[in-house]
Amino acid sequence: MFTEIRTALRPALVLLVLLAGITGLAFPALVTGIAQLTMPGQANGSLIRDGDKIIGSSLIAQRFDKREYFHPRPSAAGKGYDASASSGTNLSPGSKDLRDAIAARVATARADGVTGPIPADMVTSSASGLDPEISPEAAEAQVARVARARGLTAAQLQALIAANTDFPLFGIIGAPRVNVLLLNRALDGLQG
C-alpha cells in the first residue's frame, strides 16, 4: 500500500516542483528581463532624480503644503501620502465625515483664492490616496495662489501647466492630467 501511495504521489510532486519553477521563477525572471531591456525607467519604479538623489516617483503622490507649490489631491493613505497604507476613505457619499472633510477643503480652496466651481479632485481623495496627477482644471484653480507666492504671472503658470499636461491615450483613453511632482519640478526650474 505504501508503494502505491508513493507511486501516485511522485508524479504529483514532480509536477508541483516543475510548475512552481516555471510560474514562480522562470516566467517572472523572463518578464523582468524583458521589462529591464525595453523600459528600464518604468520597470524600476519611474523614479525622479535630482542628480544622484532620488526625490520621488512619477507614480506616487507626495505632500506639497507650501503655498508656492501646486498641491496634489487630498490623501487618505495613512497620515497622508503613505505608500505603505494606500487606501481611500471608504466613506459613503452620504457620510457626515466625508461632507465635513469636503467642506473644510472647499473653505481652504476659497481662502487660497479659488473662485467659481472647485474641481472635484481638489476636495476628494483618490481610491488609492496616492494619485500623483490632478486635472488641468485643478492646476488652473491653484494658479492665483502660486503666482502670488512666487511673484510670477498667471500667464507664466498657465503655460507651464499646458506644457506639463498629458492627454488621453489615442485621444480617447483616460482624461487630461497633470503630474504634480513633475509640474512642481518644472516650476522650480522656471525660477531656478
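Predicted model: local features only at pLDDT ≥ 70, side-chain atom pairs only at ≥ 80, totals over all residues.
Local features were taken only at pLDDT of at least 70 and side-chain atom pairs only at pLDDT 80 or more, whereas totals for chains, interfaces and linings use all residues. Residues are numbered from 1 along each chain as its sequence is written, and side-chain values use heavy atoms, without hydrogens and water.

Helices (H or I, at least four residues) and strands (E, at least two) are DSSP runs, numbered from the N terminus. Two strands count as paired if DSSP finds at least two bridges between them. Strands β1 (residues 47-50) and β2 (residues 53-57) are antiparallel and share four bridges. D50 lies opposite K53 of β2. Two residues separate the strands of this hairpin. One feature of the hairpin is the positive phi of G51, near 70 degrees.

An open sheet is built from three strands in the order β3-β5-β4, with antiparallel pairing. β3 (133-134) and β4 (165-166) are the edge strands; each has a single partner, so one side of each lacks a neighbour in the sheet. Two bridges join β3 to β5 (residues 177-179). I134 has V178 of β5 as its bridge partner.

A nonpolar core is a set of buried Ala, Val, Leu, Ile, Met, Phe, Trp, Tyr and Cys residues joined through side-chain atoms within 4.5 Å. Buried means under 20% relative accessible area, exposed over 50%, and partly exposed in between (1.4 Å probe, protein chains only). In soluble globular proteins, nonpolar side chains tend to be buried together. The largest core here holds 25 residues. F70, M122, L157, I161, L183 and L187 have the most contacts inside it. Two or more residues come from each of α4 (136-141), α5 (143-150), α6 (154-163) and α7 (180-191). The largest share, four residues, belongs to α7. Contact means heavy atoms within 4.5 Å. Beyond its neighbours within four places in sequence, M122 contacts P74, R105, A109, V114, A138, A141 and Q142.

S46 sits in the loop between α2 (40-43) and β1. Its phi is positive, near 50 degrees, although S46 is not a glycine. S46 is buried, at 15% relative accessible area. P132 belongs to the loop between α3 (96-111) and β3. P132 is buried as well, with a relative accessible area of 13%. Residues up to four places away in sequence aside, P132 touches S58, L59, I60, A61, V178, N179 and V180.
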